[in-house]
Amino acid sequence: MNASDHAGHRVAWLMLVMGLAVMGALFVLVTKGMVRGLDSGHPVEYLQSSCIAGAIVLSILPILRILDLVSLPYWFVALLCGDVYYFILSLCLGLYLDVTWWGDVAHSITAAIVASTVFVALCVVQARSPPHVALGRKGGIVTMTFLAGGAFGGIWEILEGYTDTLVGEAYMSYGAWDTLGDLRADLVGLVAATAIAWLVLRKREPEQVSSGVKVGRKAVRGRL
């Protein structure tokens, strides 16, 4: 293991411990009734479940890095993890219910990050594909980024509706107009991320975009 691997492992362990510590502390505060989100109207079990889900999501990438299964650029991991912190902290602080526009901004940011994740994943697939296999190259990658990112927003809203139906409470969905507003905000973030993907591919090849991604100990640099 070289110095770069050691540094990557240290950062991964730090991220893992920090994520579990922050989400654990928030869970305790929620349980003790010490967060503003409860006063704003969020049920205690909803906030507790969100803290647990946040801890799980924040653990995935560090564990993959520690096990040398997947390594992603630091800036990309920071975006993904930052979005989780943003979401959970916003819930606990009651910002989604107290600030009318907060949910729209959150949905736009999340949609942009999801689309960016799809974009990087497609570039990795293109880089690892045999020479005779292509995703439509740049135009195909941009189109699939938009379609897959948009599909995720719709699937998320469906899951919100079914979750509330199963538990018998309006934890995640607040009616048809709320759902439409969320999808509209998703579209804003999706268009922004897709436009950035298009601009990136005007100057860089998919193989260059994926060069910071490592699977195991072997960097993805061109077709493997």
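Mentor: L187 is partly exposed, with a relative accessible area of 44% (buried means under 20%, exposed over 50%, partly exposed in between, with a 1.4 Å probe and protein chains only). The model is predicted, so local features need pLDDT of at least 70 and side-chain atom pairs pLDDT 80 or more, whereas totals for chains, interfaces and linings use all residues. Residues are numbered from 1 along each chain as its sequence is written, and side-chain values use heavy atoms, without hydrogens and water.

L187 lies in helix 8 (a DSSP run of H or I, at least four residues, numbered from the N terminus). Together with F146, L147 and V191, L187 makes a nonpolar surface patch of about 350 Å² (residues over 30% relative accessible area and without a salt bridge, nonpolar side chains joined within 5 Å; a salt bridge is a Lys or Arg side-chain nitrogen within 4 Å of an Asp or Glu carboxyl oxygen). Helix 7 (137-167) and helix 8 (176-203) each give two or more residues to this patch.

Elsewhere, the whole structure holds four aromatic pairs (ring centres within 6.5 Å; planes under 30 degrees apart are stacked, over 60 edge-to-face, the rest tilted; for Trp the six-membered ring is used). Y86 and W102 are stacked, because their planes meet at 15 degrees, with centres 5.7 Å apart. This pair ties helix 4 (residues 74-92), which holds Y86, to helix 6 (residues 102-128), which holds W102, across 16 residues of sequence. Y86 is partly exposed at 22% relative accessibility, whereas W102 is buried at 17%. W102 also pairs with W101: the centres are 5.4 Å apart and the planes at 40 degrees, so this pair is tilted. W101 is partly exposed, at 49%.

Terms used: Patch = residues over 30% accessible without salt bridge, like charges linked within 9 Å, V, L, I, M, F, W, Y side chains within 5 Å. Areas by Shrake-Rupley, 256 points an atom, 1.4 Å probe, with all protein chains shown as cover.
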